[in-house]
Amino acid sequence: MAKKPQLAIDTRPWRDTANNKPFVRIKNVTKKFGDVSAVHEVSLDIYRSELFCLLGGSGSGKSTLLRMLAGFETPTSGIIEIDGQDMTEVPPYNRPVNMMFQSYALFPHMSVEQNIAYGLKRDHLPKAEIEARVAELLALVKLQDYGKRKPHQLSGGQRQRVALARALAKRPKLLLLDEPLGALDKKLREETQFELVKIQESLGVTFIVVTHDQEEAMTLATRIGVMNQGEIAMIGEPTDVYEYPNSRFVANFIGSTNTVEGTVTEDEPDHVRIHSAELGCDIYVGHGVDCAPDQILWWAIRPEKMILSRERPEGVQGANVATGIVEEIAYLGDISLYQVALEGGKRIRVSQTNSVRGNPDAITWDEKVYVTWDDNAGSVLTV
Amino acid sequence: MTTSHEPTYPPPRRLRPWNAVEKRLAKVGITGRMLVLAAPVIWLLVFFLIPLFVVFGISLTTKQFGRPPYSPLLTTEEGTVQLTLHLNNYIRLFTDNLYVAAYLSSIRIAAIATIITLLIGYPMAYAIARAPGQWRNVLLMLVILPFFTSLLLRVYALTGFMRGNGVINQFLGLFGIEPLVMMQTDFAVYVGLVYTYLPFMILPLYTNLVKLDDSLLEASADLGARPLRTFLTITLPLSLPGIVAGSMLVFIPAIGEFVIPSLLGGPETLMIGRVLWDEFFAATNWPRAAAVACAMLVVVVVPIMLLQRAQNSVVEK
């Protein structure tokens, strides 16, 4: 959605690691609580002005990693560098980092202005400068008229903006955001997402956002780090993570996916043929894959990458056509989601765009249908 | 058009006698809520408010020999009821230096004891609130433990520590240090007050501090405040209601304290509780004692109201 246009100078330094120095460098970081590793051997490079999303379920270690960046937790082993400086021994109050807390953590006994000025006062800035900066930030988050209010007199969305303004007040090099939109309702969340991106782009601050909401991650991020059980499962741009997942975990975690098991029957440099009993047909993949004949692997395809039809389609090289019966239809307005029981026994989900209004000829329950897909539509996964 | 589709619900089943009782009470306009409130209201009325008025009444009489040892408020003479109010007890309170000095001294001693209790109690409450979960209850239990023995015993035990050949002086004697005079001094009174009232300071402070959101402290550190600054700007202001509550719980009973100054204090330790005792038992001047008590109530109630207002303005968020 919020994919940035490609500029003459590529704004994506992670694509050229040789010429760009990472701004935040996390090297083999492990954090243990007792015997449990919350974060295990994580290495991650984040570049200046990135909006990096750490995405994962609860207990995936994403918040612990963020807290280590802020300095509230010390890594059991490994190194965290920010702007080339080792942060391991630096206490939170000396780090060039600010954090926006999930609960916002606004000081309840201080007004909005005092909350925002708090960090500036700690730097002993002159009073006039603090006042100017506070006014500037209030304007940035559109809360000019709310400076004198106490946090409890604000709505959830306003509190979220105060928290953001307070975190930005000291012009940190790096802003950490823990579930920044988690406490907002859906409508407000969508509005705020774009606002957040806008603020991030206009200020050029590096953002690291922790979220469990994949839609949020896709909308906000320049890159996403998918975390699973304390480890990074995949790092990539939103399109990479969605279209080219590197594992079954990532494929299933982001969006919805049909995953089938199969055996490699042909392994050529330009194509691979996989036989899947579950699917009841062969899968022809139009590019080479690092695998061996007779290897068991998985193939994952998104519901929208498949086409339903009543007549038998041509398929690709005598493959890529499965047969089944429509079991369930979920009409979602813009699309309809079909659950098809294949002859091979597998149930798959296929989505079709409802491009014709009130289509009387739409495929309906209990119809026999053919499912087909492009030779590039799915991902072959070995893990 | 028809209401036949609407389901009919049976009335909620309840115990039969209750229904009857409730109906009958409702007829007279008495609800369950009133009954619940009635118990504490009646209790306070019988055991607090009425006795208070009796005491106030006695304070408006004069001393006389006999039983009771004060003049009656109401006298009937030839069919007329006469109400006699003697205000001289109150006038004496202001004109006799003893009482004014006793009140001021009580307030001073109670205030100093409260401050010392706060200075000792705050770190303890903070430590308990920050202790690991499984330790908190044990530590709280230790704070409450002294209440399992009577106050009198504990104060006597303190004399065992502080008297001339007591534990402390014997210990000091081992190092050849001359025995210190601790008993019958203001010092001993402070020790007794602080020791006795410390739990009353710790408990409300603890309940306040344990609710303190860790993320506020983290946010403060994140914004560049060192631990001491965080304490002064975040923890301390947010714990103000606890400080006020704890200080009230110590200050108010300390003003009227009798046992501790009479057992530990010397002749120069002037506290209103002892004056009251002497008026009542030594001088058998019930009206004067009652006036002292009523005036003390005013002395105590005024700071309570001031503190309550301060607290409300803090709590009001």
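In this predicted model, B:Thr284 counts as partly exposed because 13 other C-beta atoms lie within 10 Å, a count between the 12 or fewer of an exposed residue and the 20 or more of a buried one. B:Thr284 sits in the loop that links helix H13 (272-282) to helix H14 (286-315) of chain B. Its phi is positive, near 45 degrees, although B:Thr284 is a residue other than glycine.

Chain A has a positive phi to show as well: A:Arg171, not a glycine, has a phi of about 45 degrees. You will find A:Arg171 in the loop between helix H4 (156-168) and strand E7 (174-178) of chain A. A:Arg171 is partly exposed, with 13 other C-beta atoms within 10 Å.

Here are the two residues side by side:

| Residue | Phi | Other C-beta atoms within 10 Å |
|---|---|---|
| B:Thr284 | near 45 degrees | 13 |
| A:Arg171 | about 45 degrees | 13 |

Another backbone detail is a peptide bond. Between B:Arg67 and B:Pro68 the bond is cis, with omega near -5 degrees. B:Pro68 belongs to the loop between helix H2 (32-59) and strand E1 (74-77) of chain B.

Now to the meeting of the chains. How many residues of chain B are in contact with chain A? There are 16, and they touch 19 residues of chain A. On the chain B side, helix H9 (214-222) and helix H10 (227-238) are the elements that give two or more residues. H9(B) supplies the largest share, six residues. Sorted by class, this side of chain B has eight nonpolar, six charged and two polar residues.

Conventions
Residues are numbered from 1 along each chain as its sequence is written. Chains are lettered from A and ligands numbered from 1 in the order in which they are written. This is a predicted model: local features need pLDDT of at least 70, side-chain atom pairs count only at pLDDT 80 or more; totals for chains, interfaces and linings use all residues. Helices (H or I, at least four residues) and strands (E, at least two) are DSSP runs, numbered from the N terminus. Two residues are in contact if their C-beta atoms, placed from the backbone, lie within 7 Å. Ala, Val, Leu, Ile, Met, Phe, Trp, Tyr, Cys and Pro count as nonpolar, Asp, Glu, Lys and Arg as charged, and the others, Gly among them, as polar.
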